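Hello,

Here is the structure I promised to pass on. Please open it alongside this note and follow the residues as they come up.

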Amino acid sequence: MTNRPRHFIWASGQLDNIGDSLLRRPYIEAVAPEKGDACVWTRDADAHFLSGMGLTENDRVERSYSRWYWAAAGAALRGKATIALNAGEVPVSRSGALRLASLTLLGGLARIRGGRLLWLGVGIPPTESLLSAPYKSAARIATHVWARDPDTQRLLVGSELVPDWAFSLGTPTDEWDASNRQLLVVSLRGDRNLPADDWLDWIRKQASDHELEIVTVSQVARDNERTAELATRLSGKLILFEGRDHAEHESVVRDVYGRSKFVVSDRLHGLIVAASEGAIPIGWVPTSKGKVRRHFDGAGMPWVGKYEGIPAPELPELVSAPTQEYLASSIGAARDRIASQAASLTLVR
C-alpha cells in the first residue's frame, strides 16, 4: 500500500444490498486503476459488503469520515489528488446537504492544486427542496459529473447522462445463451404492499404462455420475507440472500439471470443485473413509483419501465423476440457509453 494514496473515494451503501456494492466496483476501478492508490470511505461496511467492491488488500478502507476527510485534505494540499463523491442514489436531506457542502470545499481545494472532483453515476430523486442547493454547487465545482437518469441531469446543470455503472458488468452479449432460458424471475421489494391477486395471475399466465418455471429471488436481505411469500403464492422456487457475502450472492444471482427469459422486479439493480446477463428486464410492478423508468430511460431502454405503476388488467403480454435482440444492442450501447466516458476522464498523474 502506498503511504499516501491520491484517490479518495466515498463509497458507502446499504449493507444488505448487493446492488449497492457491485455498482461501486467499476466506479472505484475507473477512478483508481492503479491498485493500492485508493482510500475508500465505506462508513460501517463489513467484510460481506466489501467483498462486492473489488478492493485489494493494498487499498485503504476508512470507516471514519473525519479521518478520511482530513487525509483527503492533506492529499489535496500536496497536489493532484482525486476526490470522488458517492455513486448511486443520493437523496436530498439536511445531513446530505451539509456533507456535500464540506466536500465541495474539499473538491475546490483539490482542483486549485491540480487535482479533480468527480461525481460519476449519481441519481437524485426528484425534489423541490431548497436543500438541493449544495448538490447543485458540488456539480458546478466538479471536474466531471455523470447523471444516471434524465431528472438528475436536469437538476445538476452541466452533468452528462451516462448509464448506471452496473450496466458495465456482466456477461458479454455475444456469450449470452438464448437456448438455456427457461426461468421467469420475480424479485420484489419488501417495503411495499404485495401486488394484488390479478397481478400474480398475470405472472402465472406469462410463465405458462412461455413455458417458464417461476423463481423468486432476493438481491436485498430485507426482501427475504417478501421473496418467500411470493414463492409460496406463485408455487415457485426460492433464492434468498442469507449466509453468503456479496460477491458469492452476486455470482448466484447472475447464474440464475443467465438462465432466465424474463426478470420482473421493482428493484432497479435487480433489473440492471438481469439485463447485463441477457434476461429481459420488466419493471411492470403496480406498486412501483417511477425509479425504474427514469433510470432505464437514461440507458436508452424506455420499454423497461413503460408500464411501471400500471394496474395488472392494463398490462400487455410479455414478448421475448425481438426484445431479446434489442436488449443486446441496448446493453452494448450502454457499455460503450460508460467505457468511452471513463476513458475521457482527466487523469491525475
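Does Trp303 count as buried or exposed? At 16% relative accessibility, Trp303 counts as buried, because the cut-off for buried is under 20%. Please keep in mind that this is a predicted model.

**Aromatic pairs**

The structure holds 13 aromatic pairs. One of them joins Trp199 and Trp202. That pair is tilted, with 6.3 Å centre to centre and 40° between the planes. Both residues lie in helix 8 (residues 197-209). They are three residues apart, about one turn of the helix. Trp199 is buried, and Trp202 is buried too.

Trp303 and Tyr326 form another tilted pair. Here the figures are 6.1 Å centre to centre and 40° between the planes. Trp303 lies in the loop between helix 12 (291-298) and helix 13, while Tyr326 lies in helix 13. The pair therefore ties together parts that are 23 residues apart in sequence. Tyr326 has 38% relative accessibility, so it counts as partly exposed.

There is also an aromatic cluster. Trp10, Trp41, Tyr65, Trp68, Tyr69 and Trp70 form it. Arg99 meets two of these rings. The charged end of Arg99 sits over the ring of Trp10, 6.0 Å from its centre. Arg99 also lies over the face of Tyr65, at 4.5 Å from the ring centre.

**Helix 13**

Now look at helix 13, which covers residues 323-343. Its 21 residues, at 1.5 Å a residue, should span 30 Å. The end C-alpha atoms are 30 Å apart, which agrees.

Which residues of helix 13 are buried? They are Thr323, Gln324, Leu327, Ser330, Ile331, Ala334, Arg335, Ile338 and Gln341. Seen down the helix axis, the buried residues fall within an arc of 135°, so they line one face of helix 13. The face turned away from the buried side carries the exposed residues Glu325, Asp336 and Ala343.

What do the buried residues of helix 13 pack against? Their partners are strand 7 (144-147), strand 8 (160-161), helix 11 (268-276) and strand 13 (280-282).

Strand 1 takes in residues 7-10, and both of its faces are covered. His7 and Ile9 are on one side, Phe8 and Trp10 on the other, and all are buried. Trp10 is also a member of the aromatic cluster.

Strand 1 runs parallel to strand 2 (residues 38-41), and four bridges join them. Ile9 stands opposite Val40 in strand 2. Strand 1 also pairs with strand 4 (residues 82-84), again in the parallel sense, over three bridges. Phe8 stands opposite Ile83 in strand 4.

**Two buried residues**

Glu277 sits in the loop between helix 11 and strand 13. Its relative accessible area is 6%, so Glu277 is buried. What does Glu277 contact, leaving aside its neighbours within four places in sequence? The contacts are Gly170, Thr171, Trp176, Arg181, Arg254, Tyr257 and Gly258.

Ala231 is in helix 9 (residues 224-234). It is buried, with a relative accessible area of 9%. Leaving aside neighbours within four places in sequence, Ala231 is in contact with Thr216, Gly236, Lys237 and Leu238. Ala231 and Val304 are 73 residues apart in sequence. In space, the two are 23 Å apart, C-alpha to C-alpha.

**Two residues with positive phi**

Lys80 has a positive phi of about 55°, although it is not a glycine. It is found in the loop between helix 4 (65-78) and strand 4. Its relative accessible area is 43%, so Lys80 is partly exposed.

Glu211 is not a glycine either, and has a positive phi of about 55°. Where is Glu211 found? Look in the loop between helix 8 and strand 10 (213-217). At 73% relative accessibility, Glu211 counts as exposed.

Best wishes

Definitions and conventions. Residues are numbered from 1 along each chain as its sequence is written. This is a predicted model: local features need pLDDT of at least 70, side-chain atom pairs count only at pLDDT 80 or more; totals for chains, interfaces and linings use all residues. Side-chain values use heavy atoms; hydrogens and water are left out. Buried means under 20% relative accessible area, exposed over 50%, partly exposed in between (1.4 Å probe, protein chains only). Two strands pair if DSSP finds at least two bridges between them. The expected span of a helix is 1.5 Å times one less than its number of residues. The arc is that of the directions from the helix axis to the C-beta atoms. Contact means heavy atoms within 4.5 Å. Rings of Phe, Tyr and Trp (its six-membered ring) pair if their centres lie within 6.5 Å; planes under 30 degrees apart count as stacked, over 60 as edge-to-face and the rest as tilted. A charge sits over a ring if NZ of Lys or CZ of Arg is within 6 Å of the ring centre and within 35 degrees of the ring normal.
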